[in-house]
Amino acid sequence: MSSRIFSREILSREGWIRLAVVVTFTAAFEALCRFGVIPRTVVLPPSDMAASLWHILRTGEYNKDILSTLGNVAASAVISVTLGFALGVLIHALPRLRTTIEPLLASYYAVPTFMFYPVFIVVFGVGSRAIIAIAVLLSVVAMIASTLAGLDRIPRVLRKTAAIYRMSTARRAVLIDFPAAAPHLFTGIKLAFAYAFIGVIASEFILSGQGVGYAIAYAYNNFDNRNMYGLMLLVILLATAANTALDTIDRRMQSRTRRE
Amino acid sequence: MKRAGDSLLLIFGIIAAWQVFYWLAGDIALTSPADTAAHLWNLLGTARFWGHAAETARAFGFAVVISLAGGVALGVLLGLNRTSGIVSEPILIALYSLPKVTLYPLVLLCFGLGMSAKVAFGAMHGLIPVTIFTMKAILQIKPVLWRTAHAMRLSAHQTALTIALPAVLPEVIAGARLGFSLTLLGVLIGEMFASQRGLGFMIVSAMGLGDIATIMAVAVFLSVFAIAANALLLWLDRAIPR
Amino acid sequence: MKAPDGADVHARLTGVTRVFDLASGAKLHALGPIDLDIKRGEFFGVVGPSGCGKSTLLDILAGLSPPTAGSVLFEGKPIEGVPDGVGVVFQEDASFSWLNVYDNVAFGLRRAGMDAAETARRVEYAIGFMGLRDFAMAYPAQLSGGMRQRVCIARTLVLQPRLILLDEPFGALDQQTRLLMGEELLRLWRETGATVMLITHALDEAAMLSDRVGVMSARPGQFIDFIETEWPRERDSRIVSDPRFGVITSRLWDKLRVESLKTMGGAAPGAKS
């Protein structure tokens, strides 16, 4: 079974089918647009979107916005991963605190936390800080939950083994706890990144002066379909590429540690 | 009993932390818990508030029905065939991680400004997790159950209704919980971005006026609603025998 | 249908083979050719090494999958799909976790549209027969593995099958539970008068329960021996103390040992594969 993951195929059979599905959809969409079934005032054909994106990248007219967004995403992701991990470790070490906080963590994502974005704008003003604040708020709990799950799932027998080797808590944490919990931690990183990305773009959309989300909203309000769709395509490609990359790393990691 | 005590402790802790932030940040940033409660109480007495709430509720209602019914149907369809399940999963997960806000202008261009756009926003957010959860649950049905249905000579229709659906119900409800929350989020963000009515709009316009009290009051109202609904769905989840 | 010895044949397999197409393009000859007459009312046991195709044989007999070649007759007629009058108990736990024991057992009858009174009668009988009366309102998750298998057997029983097929139904249970469940199975067989085919990897179980045991070769599985036990109909697990039990078991192992070694790579005794 596991030999399939290390096989020399570029894509598995399902991978090829997937590629075919995506290509067919895109081609059909392109055809519908070109033949006027879908009016150009609503949507551009994918080829035009791609051309627009190429133009945007070549002329660099949106470079400032793109860098602003990427910067905010990176900052938010780093903060929520480290903060989430630290809080997770802390909560895990204090069982009484954990049982008290648990319902909060469980129902956190039920609440549309994003609606607190205006609060941050009032506090920080319109700018990166408010955006990063809400993005962190959105993603930190995913990291906390994953950290807790990872620490929970370290088999007791490994702890006993560490005791037999007479390891100090610090050494055990680095050499045993961390690698054992690593798959879950990485899942947390994946989620934190995805939510940070979503949070940043959504914030830029609603109210911001900079960033790709803002640029799309601006283009929409000015009936600039060309640039709008080019930028939309950029976001779609960036999100898909980042998540696929993280997912592939996750899969590689899982296949080696899990006995399949 | 201990759990109720812990929950109370948690609520008390949150309110206490809130009060501390208020003392640190001052009146321009937050309103105190007491003031927020008072303001909310006032709002609940106004027709204006309920007008907005009704608008959001209508959009949310439609969107949630589409998310759940559509998500389950799509998930069952994709999950019944092993190949379609494996092919679809990464595509669905990619769609899930996409900031769907990016597609909002497209939705507006298709549906115009109004209720149908809002319903589309909400459904867009909620449909995908329900589909993913349902599909994975169907794929993971123990093969022996399919063989049992076959050995009992059940029709495909009977198999789907009396064996497949009950077997996946726990996962479907878990997906429904997530779909519920995300649909609400989608409707709210849609209202914040492009609407003249609804609770999302109320929050954004209050921000424009610097009316922090209203922002917090509406946010609290929505939070309470979301947590209550989630608790109800959790209770439903526990009530199913497994 | 009549067998050469005049007995009434319930199911007949002639020249049945099963070949699987693998993803790599190669073909896997899993079973056959099989020629088998199962006599009406007999308790027929099947033993064989791992991977010899025992489960495939059951699938074909139950109509769950078609043979690549050969014919299957049930009560004189060729089968198409799962025929009426056949009941199957699988190796894995097939109880429905979302229904209590009563509803699990009643499931097949309700799906077939049987009226409520008759359904209740049959379900209550089956539940009583399998010793589940105290657990009728419990859910499978609350029961042990052995109890859950009893639920599956009861669920098959209510449909009053004429041919009961069991694929290693007691595989997941401990030895003592297995012996007792074996006795239950014999009781069931006697009271319903059904024909039973039991697939098992446990020689003592096959020897103890069956009227006749078929020994299968390594893959592709074919029957290499049939052993008549000639036990009295009224038997239970204490038949193991009959001196002939040892003779039968050793004869089974004699044949089976050779085939099992082939499956494990044909190594000499004691060597690791």
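Two residues count as in contact here if their C-beta atoms, placed from the backbone, lie within 7 Å. With that in hand, let's walk through this predicted model, starting with chain B.

**Chain B on its own**

By that contact rule, residues 24 or more positions apart account for 78% of the contacts in chain B with a separation of 6 or more. Chain B is built from 10 helices and zero strands, and reading along its sequence gives the pattern α-α-α-α-α-α-α-α-α-α. Taken along the principal axes, the C-alpha atoms of chain B fill a box of roughly 70 × 55 × 30 Å. Of the 242 residues in chain B, 43% are buried.

**How the chains meet**

Which chains share the most contacts? Of the two pairs of chains in contact, that is chains A and B. Chain B also meets chain C, in a contact that takes 18 residues from chain B and 14 residues from chain C. Chains A and C, on the other hand, do not touch, and their nearest C-alpha atoms are 11 Å apart.

Here are the two contacts side by side:

| Contact | Residues from one chain | Residues from the other chain |
|---|---|---|
| Chains A and B | chain A: 41 residues | chain B: 43 residues |
| Chains B and C | chain B: 18 residues | chain C: 14 residues |

**A closer look at the contact between A and B**

The contact takes 43 residues from chain B and 41 residues from chain A. On the side of chain B that touches chain A, the elements giving two or more residues are helices H1 (2-25), H4 (82-97), H5 (104-111), H8 (156-194), H9 (199-208) and H10 (212-239) of chain B. H10(B) provides the largest share of that side, with nine residues. By residue type, the side of chain B that touches chain A divides into 34 nonpolar, eight polar and one charged.

For the contact between B and C, the residues on the side of chain C that touches chain B divide into 10 nonpolar, two polar and two charged.

**Helix H5 of chain A**

In H5 (residues 117-124) of chain A, the buried residues are Tyr117(A), Pro118(A), Val119(A), Ile121(A) and Val122(A). What do the buried residues of H5(A) pack against? Within chain A, their partners are helix H6 (128-152) and helix H8 (169-206), and from chain B they are joined by H9 and H10. After H5(A) comes Gly125(A), whose phi is positive, near 80°.

Terms used
Residues are numbered from 1 along each chain as its sequence is written. Chains are lettered from A and ligands numbered from 1 in the order in which they are written. This is a predicted model: local features need pLDDT of at least 70, side-chain atom pairs count only at pLDDT 80 or more; totals for chains, interfaces and linings use all residues. Helices (H or I, at least four residues) and strands (E, at least two) are DSSP runs, numbered from the N terminus. Ala, Val, Leu, Ile, Met, Phe, Trp, Tyr, Cys and Pro count as nonpolar, Asp, Glu, Lys and Arg as charged, and the others, Gly among them, as polar. A residue is buried if 20 or more other C-beta atoms lie within 10 Å of its own, exposed if 12 or fewer, and partly exposed in between; C-beta atoms are placed from the backbone.
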